[in-house]
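Below is a briefing on one protein structure.

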Amino acid sequence: MKSSYAFPVFLALAFGSTSAQVHRVSSPGNIIEVTFSLEKGVPYYSVQRMGREVIQPSRLGYLLRGQAPLDRNFSITSATTDHFDETWTQPWGEKKHIRNNYNEFRAELEDDHSRKVKIVFRAFDDGIGFRYEIPSQKGLDRFEIMDELTEFKLPDDHMAWWIAAYQWNRYEYLYKHTHVSRFDTVHTPLTMETKDGLCLSIHEAALVDYPSMTLLRTDGTTLKADLVPWSDGVRVKAVAPMKSPWRTIQLADTPGGLITSYLILNLNEPNKLGDVSWVKPGKYVGIWWEMHVGKSAWGEGPIHGATTANAKRYIDFAAKYGFSGVLVEGWNVGWNGDWTAGGKEFDFTKSYPDYDIEEVSSYALSKGVRLIGHNETGGGVLHYERQLSDAFAYYQRLGIRAVKTGYVQWGTGIKRIDENRKEQGEWHHGQFMVRHHQKVVGEGARHHIMIDIHEPIKDTGLRRTYPNLMTREGARGEEYDAWSADGGNPPEHTTILPFTRLLAGPMDFTPGIFDLLLKDYKPNNRVNTTIAKQLAHYVIIYSPLQMAADFPENYEARPDAFQFIVDVPCDWADTKVLNASIGNFVTIARKDRNSEDWYLGSITDENGRVLEVPLSFLGPGAKYKATIYGDGTAADWVDNPYAIEIIQQDVDNATTLTLRLAPGGGTAARFTPITRH
Ligand code: NOJ
Ligand code: CA
């Protein structure tokens, strides 16, 4: 409950000789302490965890166009504290009930030009968030931010997992693992581990009308916010009152503690859409992998994938095995030729002649399945926006409840017409695109359509506020295994994603490939895992819209293994990380939201390992039937990826399972309570 009494964690000291003003706020369990200070009028913050410095005094402030810098000559006009403790319910998610418990410190500052800025800090036991607020005031109603000066001064040269910012292929890179001092400008979440194993991750929450924050290493181990600019060099086009996104620092003793930190969701505002009973997580199949391996094509011609007959085949398969959605890509006019060249040909309501969308969608509905719409824009964002409302109204009439969007364009490829009617290239991660995605989510809400964004802006927890914003890509997904010239995702890739990209939110990775060697279509590409690891990905990689990406015939050829994909849910009551080492292995257990079943996924990198996993998460006093999908004894991702061993055994919460993960392998398991008669 919100309360506004003066909280005792607040402490104000006036240092006699230096004119410094220092305020401190501690987290509810006294684990984390944030210090805010004005040193000769310049604002700084620092962070301690259990008495140890994790962020050294770091600058705050802004540079504005045509104005004096907004980072000095401040005095504090008001300093207040607050305490908040509430448990809220996610309509869908990786955990049903989430506790949001923090102490807040709010400083109101005024500079020597009488300009007012507020800085708000929230201290949680699992990290901090802070943001700027610029209230309405004379001379600052509309303004342009040329730089945000926020620093993150790290006390040591930690090891970090990172992808570089401002690259032509957006977020789709393999993570590098180096000391902080080895990178230049990186995307967030930026995850680091100290020498003695403290895990930290810098990211942001509630990115609504502002550019994405990347992190520039200014010198040594000092990082500074580097906001992705507009094509004219302005970073933020702002209107007061303005609230920046929250800058977040998550802190945990173990890598798994980062996964079960819900700080980013907690910093987002509650659901603004009201009744979202139309938002439904679900698994889907679709006409997708076919195009990636070259069996069929997006464009018209003899191997066009999106035909009425092919779509019906997938619908039949979905209905037979209980998948709720069927994605059909390449259905609409615009794919012929180079669709990545600006997307001007795309028509989002016009199907190709061999695909009767009306017939297909009503066939799907008659089988209890819904089509998933697909809007590849090729980066033609304004072209798409002009059609958005008509397109979504059309899909709603057809019973389509989810749309996957796509923005395949390189570098500053997204085109915008500027004030001088010139076409400008905008970054995928600037304020222009942040605003665009908000428009799509809003239009989706109006038409009861869930959104799955590929080539997205990164996730910052907005699914809490807009629960139709389901999932996104935003990293190298399964598709890389179909065509990437570098050999696809190496075995360690999915042992890094849970601690980096997935800290931001759900990912539409599109797992579940059974034809790992792709011999018939792509003999020079392959999927670099065992088959059991493909199953484990359904638990490890959280997504409320979760694909079974392979062809129906490949699943029906391996019915025993496929049973796990049929059974596994994608909406959870709880999530527990049982063990983890970033880039090496991770084991996660999740409880189904709609039954008493638990599921487990465990994956390893290219090294085989034996992991002892206590099942203490299972309900007390109950016996469960465990169905365990493990790597076969001689399995190995390189030359024996198909060997799988499926066993059943009775377990309870005192059982410890010994998981034997093959090199590049994994284990998946389902635990069902044994009902007594
Ligand atoms: C890239 C997306 O990640 C992929 O899923 C999609 O099939 C293609 N773009 C075409 O839109
Ligand atoms: Ca992609």
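Beyond its neighbours within four places in sequence, leucine 388 is in contact (heavy atoms within 4.5 Å) with Lys439, Val440 and Glu443. This is a predicted model, in which local features need pLDDT of at least 70, side-chain atom pairs count only at pLDDT 80 or more, and totals for chains, interfaces and linings use all residues. Residues are numbered from 1 along each chain as its sequence is written, chains are lettered from A and ligands numbered from 1 in the order in which they are written, and side-chain values use heavy atoms, with hydrogens and water left out.

**Leucine 388**
- Leucine 388 is part of helix 6 (residues 381–398); helices are DSSP runs of H or I with at least four residues, strands are runs of E with at least two, and both are numbered from the N terminus.
- Its relative accessibility is 4%, so leucine 388 is buried (under 20% relative accessible area; exposed is over 50%, partly exposed in between; 1.4 Å probe, protein chains only).

**Calcium site**
- Glu172, Glu455, Glu473 and Glu479 coordinate the calcium ion (ligand 2) through OE atoms at 2.4 to 2.7 Å; donors are N, O and S atoms within 2.8 Å of the metal, or 3.2 Å for Na, K and Ca, and water is not among the atoms, so sites may look incomplete.
- Glutamate 172 lies in the loop between strand 13 (159–162) and strand 14 (176–179), and glutamate 455 in the loop between strand 29 (450–453) and strand 30 (469–472), so the pair ties together parts 283 residues apart in sequence.
- Both glutamate 172 and glutamate 455 are buried.

**Cysteines**
- The whole structure has zero disulfides (pairs of cysteine sulfur atoms within 2.5 Å).
- Cysteine 199 is buried at 0% relative accessibility, and cysteine 570 is buried at 8%.
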